[in-house]
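Subject: Structure handover

Hello,

Here is the structure I promised to pass on. Please open it alongside this note.

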Amino acid sequence: MKIKIQNTPKKTQLLCGFALEKSDKVLGLPKLDAKTSFAVNQSLKDMEGKFGKLTIIPTTGKNQFQRILIAGIGKKEAITKDTFRQISGKIAQKSRELKLKEFSIITPPTFVIDQISSTSQIVEGVKMALYKFEKFKAEKEEKSPDMTIIVSKSNKVLQAIKTAEIVADGAIFTKSIANLPPNECTPSTLANFAKTISKNKMKCKIISKQELKKKGFGGISAVGQGSKNEPKLIIMEHSRGSRNEKPIVLVGKAVTFDTGGISLKPGANMDEMKFDKCGGCTVLGIMKAVSELKLPINVIGIVPSVENMPGGESYRPGDIIKLYNGKTAEILNTDAEGRLILADALAYGEKYYSPKAIIDFATLTGACIIALGTNVAGMVSNNEKLSKKIFESSKNTTEQIWELPLNQEFMDMIKSDVADMKNIGIGRAAGTITAAAFLRNAIEDTPWTHLDIAGVAWTQIATKEKSYNPKGATGFGVRLILDYLQKL
């Protein structure tokens, strides 16, 4: 889709404006002929500006607008940083449903919301709402309609639109890869995606099976050895900061399919384990956007990628493996594999890049869904300053997170009698935190934050419906971390 800007509404198939609850006018709507104006006023009374309600009115007379759409945004005091993203997404979907070639949205006045925020939300909401995963469908949706934003032109507005497009495209890129089925997306496929987005923009290095073993990546090697699809460690480097500036390291778990290995998962919903690569896909989407935004910082993206399969060469419960940092891990459950590959990647990132901070993303534990549901990600950190900054960004992007504690008692829960640690805790107690405790053992003193996105990485039964998150992968974390990085 193409996005254009106009100072005032001009000829369009659909002119869209917002209405506050129980308001008697559509915000920013230009003067209309008497008959159309009467129809608009009557529709306003009927819908009352209720949040999410849409009403379409055919115009009459000599109006330049074939139809007018009124979108309710609720009470002014209830407007959030997600309101216009949500409603704009609904407008975009309605426009496509009507098979329009284009539509126009009037930005709300500044007494409702600041212009930069509303413009950014409109762009993100529209672009993400029009995304559909149709790669394997014979019949595909018609081309998405173009959009014109009615807003006062300024350099700040133009930059906000450009940034919002790149951010939305990063999230869409993440969704598109995460939605791929396991037969179409192996560790090698992810490596190829990384190479593609890195061309002429970033450095990209891929460490493969034999080199992984040789260099001591015991966790990645063990988990990946049961599959014919060989493991990969993907490393991307964005270097636009000063040479002496320490980078931010982003690490994402990418298990392209997780059967559980020898500790085989139940068959029910196992198809959803194609989404066990979402952490790595998040890092890919962020790195793509970071490069296109040309952020003047240093960012490293690291994606350990494996396929966890049962087979004659699979690692087993009872095995003891040596991780990249030299610590040993007793394997009690081969389905607790994500922490093993993340531990290797975290240790590598700290050793070779001496970062100012490390942030990891992983669909790590079902326990996180039990604790926080499917709309809030779990956060565990060793650094209050870092976690606070990420929490502030989550409020800006409305990607909800909740911090969980990590003290010595939790660290003690993963101590092993025969190795330095074991890969699961005690029974079902504190499953999300003990998984994070395992990761904490992989790094030394670098500020670190872990985001468990098991409940939020794709739409599940209890997921809150959002127009810009169609069924499937959500791209959670891309907008969140891009907000954080842009504020450094």
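Below is what was found in it, taken by topic.

This is a predicted model: local features need pLDDT of at least 70, side-chain atom pairs count only at pLDDT 80 or more, and totals for chains, interfaces and linings use all residues. Residues are numbered from 1 along each chain as its sequence is written, and side-chain values use heavy atoms, with hydrogens and water left out.

**Pockets**

A pocket is an open set of points on a 1 Å grid over the protein atoms alone, with protein on both sides within 12 Å along at least five of seven lines; lining residues have an atom within 4 Å of a point. Grid points are joined across faces, edges and corners, and a volume is the space filled by probe spheres set on the points.

The largest pocket holds about 1,500 Å³ of space. It is lined by 49 residues, and K265, M273, G366, I369 and W458 are the closest to its centre. Helix 9 (338-353), helix 10 (366-372) and helix 13 (431-440) are the elements that give two or more residues to this lining. Helices here are DSSP runs (H or I, at least four residues), and strands are runs of E (at least two), numbered from the N terminus. Helix 10 has the largest share of the lining, 4 residues. By class, the lining has 20 nonpolar, 14 polar and 15 charged residues. Ala, Val, Leu, Ile, Met, Phe, Trp, Tyr, Cys and Pro count as nonpolar, Asp, Glu, Lys and Arg as charged, and the others, Gly among them, as polar.

The second largest pocket holds about 560 Å³. Its lining has 25 residues, with S120, E124, T163, D483 and Q486 nearest the centre. Helix 4 gives the most to this lining, 7 residues.

**Cavities**

A cavity is a set of grid points where a 1.4 Å probe fits but cannot get out. There are 3 cavities of 30 Å³ or more. The largest cavity has a volume of about 230 Å³. Its lining has 19 residues, and V456, K466, N469, T474 and F476 lie nearest its centre. The lining has 6 nonpolar, 9 polar and 4 charged residues.

**Cores**

A nonpolar core is a set of buried Ala, Val, Leu, Ile, Met, Phe, Trp, Tyr and Cys residues joined through side-chain atoms within 4.5 Å. Buried means under 20% relative accessible area, exposed over 50%, partly exposed in between (1.4 Å probe, protein chains only).

The largest core has 61 residues, and L250 and L485 touch the most other members. Helix 8 (residues 278-293) supplies the largest share of this core, 9 residues. Another core, of 48 residues, lies apart from it, and V223, V380, F410 and M413 are among its members.

**L480**

L480 sits in helix 14. It is buried, with a relative accessible area of 0%. Beyond four places in sequence, L480 is in contact (heavy atoms within 4.5 Å) with I390, S393, S394, T397, E399 and L451.

Two strands pair if DSSP finds at least two bridges between them. Strand 13 (residues 328-330) runs parallel to strand 17, joined by 2 bridges. A329 stands opposite M421 in strand 17.

Best wishes
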